Amino acid sequence: MKENARRPIGLEKLRGIIIFVVILIAWKVVTEIGVWNSYILPPPEKVFKTFIDMIIDGSIFINIYASVKRVIVGFIISAILGIPLGIFFGVHKNAYEYFKPLINFLRNTPPLALIPMLILWFGIGEKSKIIIIILASFFPIFTNTLKGIRDCDPKLVEVGEIFELTGLQIIFKIIIPNAILDIAIGLKLALGYSFRAIIGAELVAASSGLGYLISDGKEMSKTDVVIVGIIVIGVLGILTDYIFSKLVKKVGKGKAVEAYD
């Protein structure tokens, strides 16, 4: 029975791998028959060789480190700001109504659209890039935390009041635990938005990072370098998403399992 239960999961993973194999084969066939010039679309083996060369000279690790460091810093700041504010406004609904128009305005403004102004205000250093990540990742954390707090079953709060819990005890023992799943989903979404935002920022103004790697490859007409950068970003996103999901499942003791499958 256990073996039969495991087969569908393995089959799903196999299907996911098959599509990548098909794409790789199609890529090789297209380059071999000359549909596109190798300058536009280099063959897989050339891209792989470029990747190995970048591992040997260490350049790929330097750029990965630069991007990941920025993402982690911006993501942590967003979590520190977004979760408490989401809890506060979720509990104090009347106060949220004053800030709702401003929050919606900022939420619907693409962070990358602010890059020119941020560069003017903070230069092309780390500050502007960190702020872009914060703007991109703050709102998924904030809105999902707010949703989780507001969706708490009033009956649970009534039970807490019956047991004469204080307001803070109700928040920390009933409302916040009830919102853990939504907060976890917000954190996961924010992590993905952080990577997208930093790559965009590095494409515009940076001297290191994966976005810079892609931009530099484009300027130097090195399509193989551009493809390496794109692939590394995708793989890095999958790995961080997987690791984060496992950590949340472990901390939440299975509460958020379905949200990460």
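Ala 201 counts as buried, at 4% relative accessibility, where buried means under 20% relative accessible area, exposed over 50% and partly exposed in between, with a 1.4 Å probe and protein chains only. This is a predicted model, in which local features need pLDDT of at least 70 and side-chain atom pairs count only at pLDDT 80 or more, while totals for chains, interfaces and linings use all residues. Residues are numbered from 1 along each chain as its sequence is written, and side-chain values use heavy atoms, with hydrogens and water left out.

Ala 201 is part of helix H9; helices (H or I, at least four residues) and strands (E, at least two) are DSSP runs, numbered from the N terminus. Apart from neighbours within four places in sequence, the contacts of Ala 201 are Leu 112, Ile 115, Lys 129 and Ile 132, a contact being heavy atoms within 4.5 Å. Between Ala 201 and Leu 114 there are 9.9 Å in space, C-alpha to C-alpha, and 87 residues in sequence.

The chain has eleven helices and zero strands. Of its 261 residues, 38% are buried. Among contacts between residues at least 6 apart in sequence, 71% join residues at least 24 apart.

The largest nonpolar core contains 44 residues; such a core is a set of buried Ala, Val, Leu, Ile, Met, Phe, Trp, Tyr and Cys residues joined through side-chain atoms within 4.5 Å. Ile 60, Phe 75, Ile 175, Leu 187 and Leu 210 have the most contacts inside this core. Two or more residues come from each of several helices, including H2 (44–57), H3 (59–91), H6 (126–150) and H11. H9 supplies the largest share of the core, nine residues. Another core, of seven residues, lies apart from it and includes Phe 89, Phe 139, Phe 142 and Leu 146.

Phe 75 touches Ile 133, Ser 137, Ile 141, Leu 187, Ala 190, Leu 191, Ser 194 and Phe 244, neighbours within four places in sequence being left aside. Ser 78, in helix H3, is buried, with a relative accessible area of 0%. With the neighbours within four places in sequence again left aside, Ser 78 is in contact with Ile 83, Ile 133, Ile 134, Ser 137, Phe 138 and Ile 141. Ser 245 belongs to helix H11 and is buried at a relative accessible area of 6%. The C-alpha atoms of Ser 245 and Ile 185 are 9.4 Å apart, although 60 residues separate the two in sequence.

The second largest pocket holds about 420 Å³ of space. On a 1 Å grid over the protein atoms alone, a pocket is an open set of points where a 1.4 Å probe fits, with protein on both sides within 12 Å along at least five of seven lines, and lining residues have an atom within 4 Å of a point. Its volume is the space filled by probe spheres set on the points, which are joined across faces, edges and corners. The lining consists of Phe 20, Ile 23, Leu 24, Trp 27, Ile 230, Ile 231, Gly 234, Val 235 and Ile 238. Helix H1 (2–33) and helix H11 (223–252) each give two or more residues to this lining, and H11 gives the most, with five. Eight lining residues are nonpolar, one is polar and none is charged. Here Ala, Val, Leu, Ile, Met, Phe, Trp, Tyr, Cys and Pro count as nonpolar, Asp, Glu, Lys and Arg as charged, and the others, Gly among them, as polar.
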